[in-house]
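Let's take a walk through this structure together, one chain at a time. Keep the 3D view open as you read.

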Amino acid sequence: MSEFVLLFRSTPEGRRAAMGTPERAQQSLQTWLAWIRRLEAQGHLKSRGQPLDPAGKVVRKGTVTDGPYAESKDLVLGVLVVDARDLDEAARLAADCPIAEQGGSVEVRPVGSIAT
Amino acid sequence: MEIEDHLFRREAGHLVAALTRIFGLGNLTLAEDVVQDAFCRALEVWPIRGVPDNPAAWLMATARHRAIDVIRRERTARTFAPDVVRVLEHGGTLDPVIDEAFAGAAIRDEQLRMMFSCCHPRLAEDAQIALVLNVLCGFGASEIAAAFLVGRAAMEKRIARGKHALASEGRLFDLADADFTTRLASVRRALYLLFSEGYHGASGETTVRADLCADALRLARLLGEYPPAATPETDALVALMCLHAARLPARVDEAGDLQTLIEHDRSRWDRALVEEGLARLERSAAGSHVTAWHLEAAIAAAHAAARSAAATDWMLIVSLYDRLFAITPSPVVALNRAIAIGQRDGPERGLEALDAIADRARIEHYPFYPAARGEMALRAGDRRAAYAHFSAALALARNGAERQFLARRVAASRSNHKEQS
């Protein structure tokens, strides 16, 4: 088994659509919970990651701006780590992530191995 | 930990009402943004940390925290409620003011005040209902539009205009106001219309319609818990909602087909709601006059008392419809009265009563008017006429469930009238 980081991205529009109405927000939440529970039940969930507070700063050479909301059309919503046999299996796990229904994407990245 | 159905929708109503008390009615949109933020946080945190033991309390704590941030950030840009302004001007901590707004009893009062605010006489009834659903019940414009078969853009406009009117009031309605009694009548009327839309409305979304009924009942009960609003008329309204809502589980059978009251599997009626309705109806008799709601509730109670359609006291029901028609002479009441007469005296008498409806032109597009003629013709053995009436009704069907129901009736009368010829 190897570790893969799933990086969740969305747009402000996608996020708003997922929130839509309170009923819609609850449905979105429930699909997320079900998806994560499924990963866990199948033994793929390595780390639930950390919730990211939306308020933050973006630092560049010489400038610090409030963000990422102020400027980004591509928001990182969070990360989690899964165990999978290979990149293909990790991608399959990500395929039914509810974020796809909410206008977002999942980036699947193998955790780099350091030769010992 | 599972999340209760409609938790967010219900909490949206609680939180917006509480936040509006802190922010002032003029900052309603800000209150809604704070609630939206709290839901966003839940969406980000719960999948990772798990659903909290008390999800409603978590949402409230998050909204409370956010409210304090917002007040600090916007203190110069906005005017908040007088209690908050006092703290901001004289120093001190905001916590007690905010705790007070989020306390259990306060949330009930704030919801009541919001309900009275939404039913402002300057607003048309349909706008009042849309506001109640949006602000107090957490329905989005698109959901309300679907339930009322109105375009989404038109509903958004209706809600926006209503909110504009609310915001110009500046503060929530004061329950000690001299206008209380008049406003109470508007609130009850709006809740009645809201319930009726859920119960009789044209939308095919049966789950949404059941939600409308449940929310109307919840808010009507809230009125009943507040002594100055708990008049016999309020009791009659709650009674009629309970007794009708009790039948909702039997309106569609296991195959998903619409059932008429006559066909209901009465074992599926909600007994607890029937009991609550009967107790309320008894209390409603304390008043000095009988309203249309008393009579509607009494009719529903007569149905609830019968084990089957055949065992129903149709004599009593016809006499209640006679009294109801004297107060509310609408063609729909006359239609139901005629159906009851058909049950009491046979289909020929029922058809005569249908023919006697003075302004029946007003219900000619209501599919259950020709359907009632079809039922009576069928019972009288005139299948050819039944086929014609049910076909006419089918052409008027407003949604899939009605179409399916009436198509079955057409098919039944057609196969029969073929046998006949």
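**Chain A and its sheet**

Starting at the N terminus, the elements of chain A follow the order β-α-α-β-β-β-β-α-β. That comes to three helices and six strands, where helices (H or I, at least four residues) and strands (E, at least two) are DSSP runs, numbered from the N terminus. Before going further: this is a predicted model, in which local features need pLDDT of at least 70 and side-chain atom pairs count only at pLDDT 80 or more, while totals for chains, interfaces and linings use all residues. Residues are numbered from 1 along each chain as its sequence is written, chains are lettered from A and ligands numbered from 1 in the order in which they are written, and side-chain values use heavy atoms, leaving out hydrogens and water.

Now find the open sheet in chain A: four strands, in the order S2-S5-S1-S6, with antiparallel pairing. Two strands pair if DSSP finds at least two bridges between them. At the edges stand S2 (45-47) and S6 (105-110) of chain A, each with a single partner strand, so one side of each has no neighbour in the sheet. On average, neighbouring strands here are turned by 35 degrees against each other, direction ignored.

How many bridges join S1 and S5 of chain A? Strand S1 (residues 2-10) and strand S5 (residues 75-84) of chain A pair in the antiparallel sense over nine bridges. If you'd like one to look for, Phe8(A) has Gly78(A) in S5(A) as its bridge partner. Helix H3 (residues 87-95) of chain A packs on the sheet and touches S1, S5 and S6 of chain A, with contact meaning heavy atoms within 4.5 Å. The direction of H3 makes about 160 degrees with that of S6(A); axes are lines fitted to C-alpha atoms, for helices over the stretch in contact, and angles run from 0 to 180 degrees between N-to-C directions.

Stepping back, the C-alpha trace of chain A spans about 45 × 40 × 20 Å along its principal axes. Of the 116 residues in chain A, 38% are buried (under 20% relative accessible area, with a 1.4 Å probe and protein chains only). Among contacts in chain A between residues at least 6 apart in sequence, 74% join residues at least 24 apart.

**Chain B and its helices**

Chain B has 20 helices and zero strands. Its C-alpha trace spans about 90 × 50 × 35 Å along the principal axes, and buried residues make up 52% of its 421 residues.

Two helix pairs are worth a visit. Helix H1 (residues 7-23) and helix H5 (residues 95-102) of chain B pack at about 145 degrees, with axes 9 Å apart. Their contact includes Leu15(B) and Leu19(B) from H1(B), and Ile98(B) and Phe102(B) from H5(B). By class, the residues of this contact are seven nonpolar, no polar and two charged; Ala, Val, Leu, Ile, Met, Phe, Trp, Tyr, Cys and Pro count as nonpolar, Asp, Glu, Lys and Arg as charged, and the others, Gly among them, as polar.

For the second pair, go to helix H12 (residues 232-245) and helix H14 (residues 292-305) of chain B, which pack at an angle of about 35 degrees with their axes 8 Å apart. Among the residues that meet here are Leu237(B) and Leu240(B) in H12(B), and Trp293(B) and Ala297(B) in H14(B). This contact of H12(B) with H14(B) has 11 nonpolar, two polar and two charged residues.

Methods
Buried < 20%, exposed > 50% of the residue type's maximum accessible area, 1.4 Å probe, protein only.
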